[in-house]
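Have the viewer open and follow along.

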Amino acid sequence: MISLDGHSLNIGTLINASRMKEPVELSQKAIQSIEKSQQRLNAIIAQGKPVYGLNTGFGIFADRSITPDERQQLNRNLILSHAVGTGEELPEEIVRAAMLIRANTLSKGFSGISRELVQTLLDMLNRGVIPVIYSKGSLGSSGDLCMLAQMALVATRMDGEKDSESSLAYYNNAKTSGREAMQQAGIQRLVLTNKDGLALINGATFSTAILALTAFDSAYLCRLADLAASLSFEALLARTDALHPQIHSARGLKGQIDSAANIADMLQGSTFVNSHPHVQDAYSLRCAPQVHGAVRDTLDFVLDTLSAEINAATDNPLIVKDGLAISGGNFHGEAVGMGADYLGIALSELAGISERRTFRLMDKNLNHGLPAMLVGNADKEGLNSGIMMLQYTAASLALENQTLSSPDSVRSLPTSANQEDFNANAANAANHARQILENACRIITIEMYAACRAIDLRKRENGALQLGQSTGKAYQMIRAGVPFQNGDAYWKEEVDRLHEFIFRQDSFRETYSGGI
């Protein structure tokens with residue numbers, strides 16, 4: 001059972017709740033913080049002072065007064081009018097992660113909402129009511145307004161309106177109205193008042209959820225990239241001088257040191273490497289630790305940002321200990337957007353250098369004696385094309401990544417009649433980072449497939465060659481599921497099977513996962 005307190009949520013716990021569906025509860029500390037915050041809000045209300053979003057309108061309408069009798073309608077209108085968006089539906093794991101982050105944010109004790117509101121989100125998580133959330137339409141600045149409003153529309157209603165608009169949700173794997181899903185799960189939809197609506201939708205929560213899951217998966221991809229490079233080192237008879245620890249300690253970059261050590265460790269015992277008389281290798285091999293290491297260091301920075309953001313109070317205004325409602329901008333997703341851009345650029349580079357190694361494996365002028373395009377029978381070149389088209393696919397995905405990794409956070413358009421005149425574009429950045437990751441996974445799968453095929457062809461010429469202990473184990477696991485084929489074949493099916501194996505098979509992940 002995960003216990004939320006608003007302060008100690010971490011990425012691993014977020015993964016357990018979003019993917020493993022581990023149940024979640026409020027800690028006693030969170031309950032006390034929520035109740036104290038609501039008491040402070042009630043004291044502010046009793047003073048009758050103007051407070052943004054409590055007794056005023058929103059955005060450009062912040063100068064319009066709202067009476068106490070209009071507060072329920074104000075909250076209802078906020079959720080209804082903001083629950084827009086377009087694009088494909090976000091996967092369940094992202095929606096679950098965002099719901100958990102929002103509940104944790106509200107548990108921190110700065111929002112002035114009721115305990116019941118947070119508990120409703122947790123009940124939805126625990127009983128499997130998953131709102132339908134569309135992936136596009138958020139600027140990530142006043143938060144992911146449209147996405148969080150879609151979530152809130154399922155969880156809330158207007159007083160006296162049993163059949164009020166409830167959007168859509170999944171329950172027991174069936175899509176239905178939010179109202180029906182909540183009814184079937186036995187969860188009461190809440191009536192919002194005071195600051196409830198703003199507290200629910202103010203924050204870059206979905207951007208953060210998308211980036212958090214992308215970053216978690218990127219840690220595993222970094223480890224796989226080292227493995228793919230190690231297999232290519234062997235397939236291309238590369239020199240290990242470039243992995244010498246003194247080279248990397250002389251520079252002092254942690255990620256580079258770690259990556260060089262990983263590759264060197266994976267190659268322990270290999271007789272493929274250093275078996276060709278060439279003096280040094282191309283950058284895609286010789287500088288692999290420098291490039292992979294820079295990706296690792298970037299990922300560490302992004303994870304640090306995420307660790308703070310998933311425990312941050314991000315709505316506006318915040319209700320602070322001395323009984324004040326202070327208006328600010330913690331909802332602004334600039335840190336998340338920049339983090340997503342940095343990670344997208346890093347993953348694009350990780351995939352780009354992998355594609356270059358695949359290219360070298362295919363070119364008989366560069367691969368130290370392997371057949372062109374890794375055709376199984378050299379005398380059938382032309383009749384057979386080998387795996388030529390796999391490099392085309394990798395190149396296409398690498399080119400797409402180069403476009404997708406153009407930063408989103410440097411782009412802004414004003415909204416709300418220039419009241420919101422500098423936007424973060426965080427949701428687009430997070431979505432693009434996620435797409436780049438998916439492409440990078442495919443590119444590295446292709447490199448591993450090509451490297452294993454090249455190793456088979458090397459062994460055919462010299463059966464005495466031995467793989468490293470770690471690379472040898474990976475090779476055996478891969479070949480058990482995807483055997484070598486000599487002639488041309490339906491390569492897509494084989495690469496898809498390998499992709500599923502290295503990214504979904506528990507035994508392989510456990511062996512080669514670096515973890516967070």
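A340 lies in helix α14; helices here are DSSP runs of H or I with at least four residues, strands are runs of E with at least two, and both are numbered from the N terminus. Because its relative accessibility is 1%, A340 counts as buried, a label for residues under 20% relative accessible area, with exposed meaning over 50% and partly exposed the range in between (1.4 Å probe, protein chains only). Setting aside neighbours within four places in sequence, A340 is in contact with L211, A429, A430 and A433, where contact means heavy atoms within 4.5 Å. The C-alpha atom of A340 is also separated by 8.7 Å from that of S409, 69 residues away along the chain.

Before going further, a word on the source: this is a predicted model, in which local features need pLDDT of at least 70 and side-chain atom pairs count only at pLDDT 80 or more, while totals for chains, interfaces and linings use all residues. Residues are numbered from 1 along each chain as its sequence is written, and side-chain values use heavy atoms, with hydrogens and water left out.

Now follow α14 as a whole. Two packed helices are described by the angle between their axes and the distance between the axes. Helix α14 (residues 334-362) packs with helix α16 (residues 426-461) at an angle of about 20 degrees, and their axes are 8 Å apart. That is why α14 is described as roughly parallel to α16: angles under 35 degrees count as roughly parallel, over 145 as roughly antiparallel, 65 to 115 as roughly perpendicular and the rest as oblique. Such axes are lines fitted to C-alpha atoms, for helices over the stretch in contact, and angles run from 0 to 180 degrees between N-to-C directions. The crossing of α14 and α16 is left-handed, meaning that the near helix is turned anticlockwise from the far one by less than a right angle; clockwise would be right-handed.

Next, turn to helix α1 (residues 11-18), where six of the eight residues are buried. These are I11, T13, L14, I15, A17 and S18. The buried residues of α1 pack against the strands β1 (2-4) and β2 (24-26), and against the helices α4 (92-106), α9 (205-235) and α13 (288-309). At the start of α1, a side-chain oxygen of N10 comes to within 3.1 Å of the backbone nitrogen of G12.

How are the strands β4, β7 and β8 arranged? They form an open sheet in the order β4-β7-β8, with antiparallel pairing; strands pair if DSSP finds at least two bridges between them. The edge strands, each pairing on one side only, are β4 (130-131) and β8 (174-177). Two bridges link β4 to β7 (residues 168-171), and I130 has Y170 as its bridge partner in β7. Helix α7 (residues 178-185) packs on this sheet, touching β7 and β8, and its direction makes about 110 degrees with that of β8. Between β7 and β8 there are four bridges, and A169 stands opposite T176 in β8. The hairpin of these two strands has two residues between them, and N172 takes a positive phi near 55 degrees.

Buried residues make up 54% of its 516 residues.

Technical notes
A polar contact is a pair of N or O atoms within 3.5 Å; within protein, one must be able to donate a hydrogen and the other to accept it, and residues adjacent in sequence count only if both atoms are side-chain atoms.
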